[in-house]
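Hi,

Here is the structure I promised to pass on, followed by my notes on it. Have it open while you read.

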Amino acid sequence: MKFHVDIEKCTGCGSCVRDCPAAALEMRGDTPAVARFGEKTCIKCQHCLAVCPEGAVSIFGKTPADCGTVRTLPPPEQVASLYQFRRSCRQYKHANIDRTKLDKLLGLLRWTPTGHNDRGLHFSVVDDVDAMDGIRSFFASSLFEMVKADSLPPAFRWVKMRRAKLEQGGDIVFANAPHIIVASVSDESLCKEIDPIIALAQFETLAQSLGIGTTWCGLAFWVFKLFDQDAHKLLQIPDGYSIAYVMLFGDPAVVYPRSTSQESPGITRISKKPE
């Protein structure tokens, strides 16, 4: 754990001990320390490092100097507007997005939460439109060969319905997007179903705030699963990892001057104690 307390800064408040979700720490007199079996129960969440008001705690070689200390929150009206106006982009510019924006997007992936702080995620990012065109062409050809051989699984009848577009070299899978991000998850992860979705949701939120279009792409996910070995090779997915979901992104070729008008979902509010 490399748990270290700067005695000159520590006031013995116990904040780190109280905030530890794994009970890996304990107070010994006025000083926090690793509890019995703490090395095994620690989930590496770094809560102790983040919560210390004096910046006295370090762990896993991470010090307060490595952490952010200036927190700026957007007004709730802006957050609500962001979600209200987000759209699944259907028309993309055939060009790379600004590299500064891309670096911001990829930098955010460091902070995506995972169950039990597992960190068992991997992201394959096609960051160049020419590389994306190559992937686009490969899977279009692979699908077309299966169409001609009449060997597509029943769930892929949508490909047969778009055969004419395939024959003309059209993109029926990736909506001509210049970039994709593919979230893969370790087969040993505890929350493999939800961790990648949370990560992509955070990625999309920042992307939308930067004016970048996004699309949750089930078609690409299914195609990658159909050609699983090829997808793993082309996307350089590590052994022991499975594709969890796919998001398209890029500069949109269309502007929506208004949001849509959606019906409210069913909401049940529980305001009384059960009898």
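Let's start with glycine 218, which sits in helix H10 (residues 218–226); helices are DSSP runs of H or I with at least four residues, strands are runs of E with at least two, and both are numbered from the N terminus. Glycine 218 is buried, with a relative accessible area of 14%. For that label I use under 20% relative accessible area as buried, over 50% as exposed and anything in between as partly exposed, with a 1.4 Å probe and protein chains only. From glycine 218 to histidine 47 is 171 residues in sequence and 35 Å in space, C-alpha to C-alpha.

Before you go further, note that this is a predicted model, where local features need pLDDT of at least 70 and side-chain atom pairs count only at pLDDT 80 or more, while totals for chains, interfaces and linings use all residues. Residues are numbered from 1 along each chain as its sequence is written, and side-chain values use heavy atoms, with hydrogens and water left out.

Next, the pockets. What volume does the largest pocket have? About 1,200 Å³. A pocket here is an open set of points on a 1 Å grid over the protein atoms alone, where a 1.4 Å probe fits and there is protein on both sides within 12 Å along at least five of seven lines; lining residues have an atom within 4 Å of a point. Grid points are joined across faces, edges and corners, and the volume is the space filled by probe spheres set on the points. The lining of the largest pocket has 25 residues, and Gln46, Ala50, Cys67, Gly68 and Trp111 lie nearest its centre. Sorted by class, that lining has eleven nonpolar, eight polar and six charged residues. (Nonpolar covers Ala, Val, Leu, Ile, Met, Phe, Trp, Tyr, Cys and Pro; charged covers Asp, Glu, Lys and Arg; the others, Gly among them, are polar.)

The second largest pocket comes to about 280 Å³. It is lined by 16 residues, and Phe85, Arg87, Gln208, Pro252 and Tyr256 are the closest to its centre. Helix H4 and strand S7 (213–216) are the elements that give two or more residues to this lining, and H4 has the largest share with three. By class, the second largest pocket is lined by eight nonpolar, six polar and two charged residues.

On to the salt bridges. How many are there? The count is seven, taking a salt bridge as a side-chain nitrogen of Lys or Arg within 4 Å of a carboxyl oxygen of Asp or Glu. One of them pairs glutamate 26 with arginine 28, with the closest N and O atoms 2.9 Å apart; glutamate 26 is partly exposed at 29% relative accessible area.

Another joins aspartate 171 to arginine 136 at 3.0 Å, N to O. Aspartate 171 is in the loop between helix H8 (163–167) and strand S6 (179–186), and arginine 136 is in helix H6 (residues 129–148), so this bridge ties together parts that are 35 residues apart in sequence. Both aspartate 171 and arginine 136 are buried.

Aspartate 150 and lysine 160 also form a salt bridge, again with 3.0 Å from N to O. This pair links distant parts of the chain, ten residues apart: aspartate 150 is in the loop between H6 and helix H7 (157–161), and lysine 160 is in helix H7. Aspartate 150 is exposed at 55% relative accessible area, whereas lysine 160 is partly exposed at 39%. Through shared partners, salt bridges also join Asp133, Arg136 and Asp171 into one network.

Serine 124 is in strand S5. Is it buried or exposed? Serine 124 is buried, with a relative accessible area of 6%. A polar atom of its side chain lies 2.7 Å from the backbone oxygen of leucine 235. Beyond neighbours within four places in sequence, serine 124 is in contact (heavy atoms within 4.5 Å) with Ile180, Ile181, Val182, Leu235, Gln236 and Ile237.

Phenylalanine 60 lies in the loop between strand S4 (57–58) and helix H4 (76–85) and is partly exposed at 28% relative accessibility.

Cheers

Methods. A polar contact is a pair of N or O atoms within 3.5 Å; within protein, one must be able to donate a hydrogen and the other to accept it, and residues adjacent in sequence count only if both atoms are side-chain atoms.
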